[in-house]
Amino acid sequence: MHQLESLYRQIIMDHYKNPRNKGLVDDPRYTLHHIKNPSCGDDITIQSFIEQGVVKDIRHEGSGCSICCSSASVLSTLLKGKHVDEAQALTTNYLKMIMNKPFDESIELEDALAYQGVTKFPARVKCASIAWKAFEETLKKASEKHE
Ligand code: ZN
């Protein structure tokens, strides 16, 4: 168990120090959503480019604690290239996992499994969820645009 926990910590610190897909782009095809978490100063913007039912790109920008910033990077690597239905299923599953609700272990959360430990720290659950919630909002807005 300790080995797994240190692996998870390594994943989180790696994404915190070397964030993937960081920085917003100036492109009207992207949908943007911003969320703040006043309790620890997290401030995250997620920008997604969704076309023909596929998440073509996810960008993120912001500042905050290591849990929050790294989770935006993990999210972007995991969901980029996924079909919107699959991206939504992964998001729902991830949010269930960190809220300590039963989740579908057959849906591959990959590096996002590293955040399982936050269930033990209720104050950090919000940190681990805001990037995913912001992404979920961009999915909703993008589908409204097409309807
Ligand atoms: Zn935080």
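Trainee: How are the donor residues of the zinc ion spaced in sequence?

Mentor: In this predicted model, the zinc ion has protein donors from C40 (SG), D42 (OD), D42 (OD), C65 (SG) and C127 (SG), lying 2.0 to 2.8 Å from it. Along the sequence, the spacing of these donor residues is C-x1-D-x22-C-x61-C.

Trainee: How many residues apart are C40 and C127?

Mentor: C40 lies in the loop between strand 1 (30-37) and strand 2, whereas C127 belongs to helix 4. The pair thus links distant parts of the chain, and the separation is 87 residues.

Trainee: Is C127 buried or exposed?

Mentor: The cut-off for a buried residue is a relative accessible area under 20%. The relative accessibility of C127 is 1%, so C127 counts as buried.

Trainee: What is the phi of Q52?

Mentor: Most residues other than glycine have a negative phi. Q52 is placed in the loop between strand 2 (42-51) and strand 3 (54-63), and Q52 is exposed, with a relative accessible area of 71%. Its phi is positive although the residue is not glycine, with a value near 50 degrees.

Trainee: Where is N100, the residue with a positive phi of about 65 degrees?

Mentor: N100 has this positive phi without being a glycine. At 60% relative accessibility, over the 50% limit, N100 counts as exposed. Its place is in the loop between helix 3 (84-98) and helix 4 (122-146).

Key
Residues are numbered from 1 along each chain as its sequence is written. This is a predicted model: local features need pLDDT of at least 70, side-chain atom pairs count only at pLDDT 80 or more; totals for chains, interfaces and linings use all residues. Side-chain values use heavy atoms; hydrogens and water are left out. Helices (H or I, at least four residues) and strands (E, at least two) are DSSP runs, numbered from the N terminus. Buried means under 20% relative accessible area, exposed over 50%, partly exposed in between (1.4 Å probe, protein chains only). Donors are N, O and S atoms within 2.8 Å of the metal (3.2 Å for Na, K and Ca); water is not among the atoms, so sites may look incomplete.
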